[in-house]
Amino acid sequence: MGATAESAADQAAGSSTAGRLGFRPGQVVQEFGYDDDVDAQLRSAVEELTGNELADEEGHDVVDAAMYWWREGDGDLVDALVDALTNLAEGAVIWLLTPKSGRPGHVEPAEIEDAAPTAGLHATSTISACRDWTGTRLATPRPGRR
């Protein structure tokens with residue numbers, strides 16, 4: 001496969017992942033935890049699918065979803081999730097992206113399972129978001145289900 005075909009295949013894979021994460025055209029997505037180890041293809045695919053640049057963590061506008069790149073040693077996960085909720089529209093979700101098992105910074109699933117309810121969230125699904133990152137979908141409880 002040539003470089004151009006490979007790039008197209010990588011882009012298609014990223015776009016399908018952005019769609020599997022539930023992102024839709026027109027959405028505004030806020031990104032937290034950006035560093036040089038994040039998956040650039042996934043970021044680009046989310047921007048391409050939504051038609052919007054990712055909002056940085058300093059933003060104060062209401063957003064439709066959040067992506068949080070989180071690694072072991074980044075601090076207190078409960079505090080981080082509470083911060084990510086600040087600008088989230090009602091019914092919006094946070095995708096917590098953590099390094100896959102065996103990768104530097106891997107976060108044990110039990111840590112996420114413990115932190116999410118304390119922050120007022122619950123994990124609804126976990127997927128392989130991209131080559132090095134696992135995505136855990138965190139949602140706020142539906143009204144009437146607290």
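Arg43 counts as buried in this predicted model, because its relative accessibility of 18% falls below the 20% cut-off. Arg43 belongs to helix H2, which covers residues 40–50. Which residues does Arg43 touch, if we skip those up to four places away in sequence? They are Glu31, Tyr34, Val38, Leu54 and Trp69.

**Aromatic pairs**

One of those contacts, Trp69, brings us to the rings. A ring pair is described by how far apart the centres are and by the angle of the planes. The count here comes to three aromatic pairs. Two of them are set out below.

| Pair | Centre distance | Plane angle | Type |
|---|---|---|---|
| Phe32 and Tyr68 | 5.0 Å | 10° | stacked |
| Trp69 and Trp133 | 4.8 Å | 80° | edge-to-face |

Take Phe32 and Tyr68 to begin with. Their planes sit at 10°, so the pair is called stacked, the cut-off for that label being under 30 degrees. Phe32 is in strand S1 (residues 29–32) and Tyr68 is in strand S2 (residues 63–69), so this pair ties together parts that are 36 residues apart in sequence. Are these two residues buried or exposed? Both Phe32 and Tyr68 are buried. They also form one aromatic cluster together with Trp70.

Now for Trp69 and Trp133. Here the planes are at 80°, so the pair goes down as edge-to-face, a label that needs an angle over 60 degrees. Trp69 and Trp133 are both buried.

**Helices H3 and H4**

On to a helix pair. How do H3 (residues 77–85) and H4 (residues 109–118) cross? Their axes come within 9 Å, at an angle of roughly 50°. H3 and H4 are therefore oblique to each other, since that angle falls between the 35 degree limit for roughly parallel and the 65 degree start of roughly perpendicular. The crossing of H3 past H4 is right-handed.

Which residues make the contact? From H3 come Leu77, Val78 and Leu81, while H4 brings in Glu111, Ile112, Ala115, Ala116 and Thr118. Sorted by class, that gives six nonpolar residues, one polar and one charged.

Notes. Residues numbered from 1 in each chain as written. Predicted model: local features only at pLDDT ≥ 70, side-chain atom pairs only at ≥ 80, totals over all residues. Heavy atoms only, no water. Axes fitted to C-alpha atoms, helices over the stretch in contact; angles between N-to-C directions. Helix = DSSP H or I, 4+ residues; strand = E, 2+ residues; numbered from the N terminus. Parallel < 35°, antiparallel > 145°, perpendicular 65-115°, else oblique. Left-handed = near helix turned anticlockwise from the far one by under 90°. Contact = heavy atoms within 4.5 Å. Nonpolar A, V, L, I, M, F, W, Y, C, P; charged D, E, K, R; others polar. Phe/Tyr/Trp six-rings, centres within 6.5 Å; stacked < 30°, edge-to-face > 60°. Buried < 20%, exposed > 50% of the residue type's maximum accessible area, 1.4 Å probe, protein only.
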